[in-house]
Every structure is written in C-alpha cells, then in structure tokens.
Amino acid sequence: MSAHSETSAASRPVLAAWRAWFGRFEGWAAGGVATLLGAASAVAHAPLHIWPLQLAAVTALVWLIDAAAEKENSRLKSAFWRAWCFGFGAFLVGLFWIVNAFLARGPAFAPFGPLADLALAGGLALFWGAGGLICALFWRRDWRRVFLFSAVFGLVEFARGTLFGGLPWNLPAYVWPAGGAVSQSASVLGAYGLSALTLFAFAAPATLAGPDERPWARAAAPILAFTLFGTLFTLGWSRLANAENVVVAGVELRLVQADISQADKWLPENQNDVIERYLSLTRQDGLETRSHVIWPESALPLLLLEQPRVLDSVAATVGSDRVLITGVVRRDATNPVNQRYYNSLIALPIRDGAPD
C-alpha cells in the first residue's frame, strides 16, 4: 500500500470500522442485524420522519451485501437472506397498524393481528430478498455497486407497489414529508423515481469505506448524492415560495366525523345508528351555505353504491345543490365467482336519489 493510500485509509477509520463490524456477522446473526436495521429504517417514515435512520440503515445494508458477495459458495443465498431480513424488519414495524384492525373486531380476532403483520411483512420482504439476490449476481467491489443497488431496489419497490394488486406502503420517497421541499420533485419524478434517487443517496456513503482505494471513486457517489438532493431541495423550496394560494369562489366545506369506534361501527345491529349519526351531523344548521360535504373513508359500514334506500336518505339530507365526497367500499360484481373489492373515493352530486 502506498503512503497516499495509507493516508486515505487513515482518514476514514470510523466508517471502515463499521463496515468491518457488519461484515463479521454470519447466518442467523447477519439476519438479526439486518432485521434490526430494517426496523430502524421504518422510523424514517411518518409520523416521525427521522430520515437519517434510513440513511444509516441502507448504508449498512450495502455493507452486509458486500460481505455476502465475497462468499464464493453462498453469495446468492446470503444476499437474499440479508435483504429479506431487512425488508421483514421494515415492513413488520411499518405495518404495525394492521393489528388494530383485528383488535377493533373484538377479543376473538385479537390473536390474528400479530400473525397477519408477520405474514404480510414476510411476504413483502420477498421482493427485497429478490433484490438482494439480483444485486449479488452483478455486485462489484467499487463505487458502481451503489448505482446497481439503487437501480435494483428502485425496480423492486416499483414491483412491490404494482404486482398482485400492489401495496406501495412506505416507499423510500415517503421519508420526505409530503408538501415539503424535497417532495416537490415527485411532481416530475413520481414516487418511484424519487424512491430510486433516495435509495441512491442513502447507499452512497457506503463507498466512503469501500474496498476501492481510489479517493475520487470513494467520494464520487456521496458528492453526487449531496449535489443532487441539494438541487432538489432548492428547486422544491423555490416552487413552494412562488406558489400562489388561490381561493376558489363559492366553495364552502362541511367536514363530518362521527367519532364512532371501529368495534361498534361494523356490528350489523349498529348499521342504522351509524347512518343516522352521519345524516344528523350533516344536516346541522348552516348546511344551505355549503357547497361540499366531506365524509371520511368508509364512513358507512355498507356498500353504499348498492344501497338505493340509503342513497335516497343521503340525497334527501345533502340536497341536489351540493356534492358529497366520501370514501366507500366498492365491489366489482361482474365476476360472481371472483369478486373484487376496492377502497374508493367518490364524489356524488346526488339528484333524485342516485349519483350522476
């Protein structure tokens, strides 16, 4: 090693030590570390948005794949396992809220909540496992590996959000608060484009402690990532600063939230009471001055579009001069054998008891 290389190595002892530490783990231990890293990365999302945790976690995942790629006989298996565990930890924490859906149905359903979280996290993590395997096939011991990593896992996230109905929950792009400066770039790049760039930026620091001894090669990716996101932040900030707040004349909203517990809402014997509660809140004084009435997601515990009687009651309450906006469960009944259900947002100008 030349004197210049020794100096370069000495300037990055902390990251090099961390890379070596992650490279020590094998088998179940490596999987456990990857799971903890994935779980930490989930905290980068709402409501906390502690994005440096995902930066540290993704950087460490690159180092874990570095170690897996060095195994002659098990590099594909090791890379799959480590990436799968990372995804499992991320989805297990990020999807914790689905447990509440079972708790709300009562004690008989409560034990199935954690099982559903485990099963869904494990299934979604298969996408990340596949990404780790693909990376191991083409992995390089230099700066190019972070470009490969971000491209592969960017496609993995697109596949996860698209295939089999798709569940684009907690995409990497979502670490940037919605409406903030960086999130403005999604108007051009889309959520998946911004996700791929975010993965690149968070993987880039891994090259600082990589095996490549060329100083420019170690620094190129981090410098590019810093420049890229500095540009995105500046453009986003400028876009927000120059945005106009436009008030649309004649739009007056009534927001209705009945504050009914999920445990009570879905009991069949409470259906009529829930409907009447929403209608009663909607018809309170001042409705005649409102142009739109907004109900929450799945406000009514029924298939609203298939209930003419309920639509008649809603029409009589809302009136023909305003629009009702609400979330509904919608069924595609064109195939009786394999019916599909959708969570939909509808806007109903209601006239004569039926939507236009």
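Salt bridges, then. A search of the whole structure finds 8 of them. A salt bridge here is a side-chain nitrogen of Lys or Arg within 4 Å of a carboxyl oxygen of Asp or Glu. Side chains of opposite charge can pair when their charged atoms come close.

A word on the source. This is a predicted model, where local features need pLDDT of at least 70, side-chain atom pairs count only at pLDDT 80 or more, and totals for chains, interfaces and linings use all residues. Residues are numbered from 1 along each chain as its sequence is written, and side-chain values use heavy atoms, with hydrogens and water left out.

Start with Glu 26 and Lys 71. Their side chains form a salt bridge, 2.4 Å from N to O. The pair links distant parts of the chain, 45 residues apart. Glu 26 sits in the loop between helix H2 (13–23) and helix H3 (27–42). Lys 71 sits in the loop between helix H4 (51–69) and helix H5 (75–94). Helices are DSSP runs of H or I, at least four residues, numbered from the N terminus.

Now, burial. Buried means under 20% relative accessible area, exposed over 50%, partly exposed in between, with a 1.4 Å probe and protein chains only. Glu 26 is partly exposed, at 44%. Lys 71 is buried, at 18%.

Next, Arg 144 and Asp 142. Their closest N and O atoms are 2.9 Å apart. Arg 144 is partly exposed, at 43%. Asp 142 is buried, at 11%.

On to helix H8, residues 144–160. Arg 160 and Glu 157 both lie there, 3 residues apart, about one turn. Their salt bridge is 2.7 Å, N to O. Both residues are buried.

Last, a network. Salt bridges link Arg 19, Asp 66 and Arg 145.

Conventions. Helix = DSSP H or I, 4+ residues; strand = E, 2+ residues; numbered from the N terminus.
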